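Open the model in your viewer and keep the selection tool at hand.

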Amino acid sequence: MRLYTRTGDKGKTNLIGGRVDKDHLRVEAYGTLDEVNSFVGQALALLDKEKFPDICAELQKIQHELFDCGGDLAIANGKLPYKVTEEMVTFLETRIDEYVKEAPPLEKFILPGGSPAAAALHVARTVTRRAERCIVSLSKAEPINEIVLQYVNRLSDYFFAVARVINARFGVKDVEYERSAIVFRDKEEKK
């Protein structure tokens with residue numbers, strides 16, 4: 001197999017159902033998800049699979065799902081069946097809820113960082129937010145699988161929750177942003 005095809009030498013690339021410029025909104029959206037996937041791979045490489053079997057399994061699952069998201073976004077005409085489902089969003093929500101319970105209580109903004117794996121997931125989180133902005137722009141211009149947008153929105157929250165749990169399991173304290181007001185309150189406390 002040859003890795004280069006020369007078909008993109010003039011700034012065009014293939015989608016499922018068409019050919020577009022490489023700076024097209026669709027290409028930007030799924031390309032940004034590819035960046036996210038790379039940072040997830042970096043986080044996985046930094047984690048001990050014996051110590052973090054649950055998180056490692058989930059991150060690998062998410063890597064596959066990021067390819068599904070990219071595939072759905074690469075469908076130019078919206079006529080093929082989509083791969084990203086509401087069940088995938090629900091899975092992330094369930095895991096976020098569990099990780100929030102495991103991590104230390106949080107009231108203020110924290111600085112991204114801590115252990116190397118948590119830091120990589122904070123980068124994945126911020127790139128996921130950029131991907132979300134790209135997908136929103138795309139959705140205003142062309143039809144997309146709307147569930148991809150929901151999934152990506154939840155995914156950034158998942159990365160935040162998991163980064164905090166990784167730090168907690170390593171015994172690394174999150175560093176609060178020193179000028180932060182109290183921004184996170186217990187739902188019962190708000191009533």
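The model is predicted: local features need pLDDT of at least 70, side-chain atom pairs count only at pLDDT 80 or more, and totals for chains, interfaces and linings use all residues. Residues are numbered from 1 along each chain as its sequence is written, and side-chain values use heavy atoms, with hydrogens and water left out.

Select I55, L59, I135, Y151, Y158, F159 and I166. Of the 46 residues in the largest nonpolar core, these touch the most other members. Such a core is a set of buried Ala, Val, Leu, Ile, Met, Phe, Trp, Tyr and Cys residues joined through side-chain atoms within 4.5 Å; buried means under 20% relative accessible area, exposed over 50%, and partly exposed in between (1.4 Å probe, protein chains only).

Now colour the helices (DSSP runs of H or I, at least four residues, numbered from the N terminus). At least two core residues come from each of α1 (25-46), α2 (53-73), α3, α4 and α5 (146-170). The largest share, 13 residues, is from α5.

Stay on L59. Leaving out residues up to four places away in sequence, L59 touches V40, L44, L47, L121, Y158 and F159, where contact means heavy atoms within 4.5 Å.

Next, go to E132 in helix α4 (residues 116-141). Is E132 buried or exposed? E132 is buried, at 13% relative accessible area. Beyond four places in sequence, E132 touches L149, V152 and N153.

Finish at F109, in the loop between α3 (86-102) and α4. F109 is partly exposed, with a relative accessible area of 44%.
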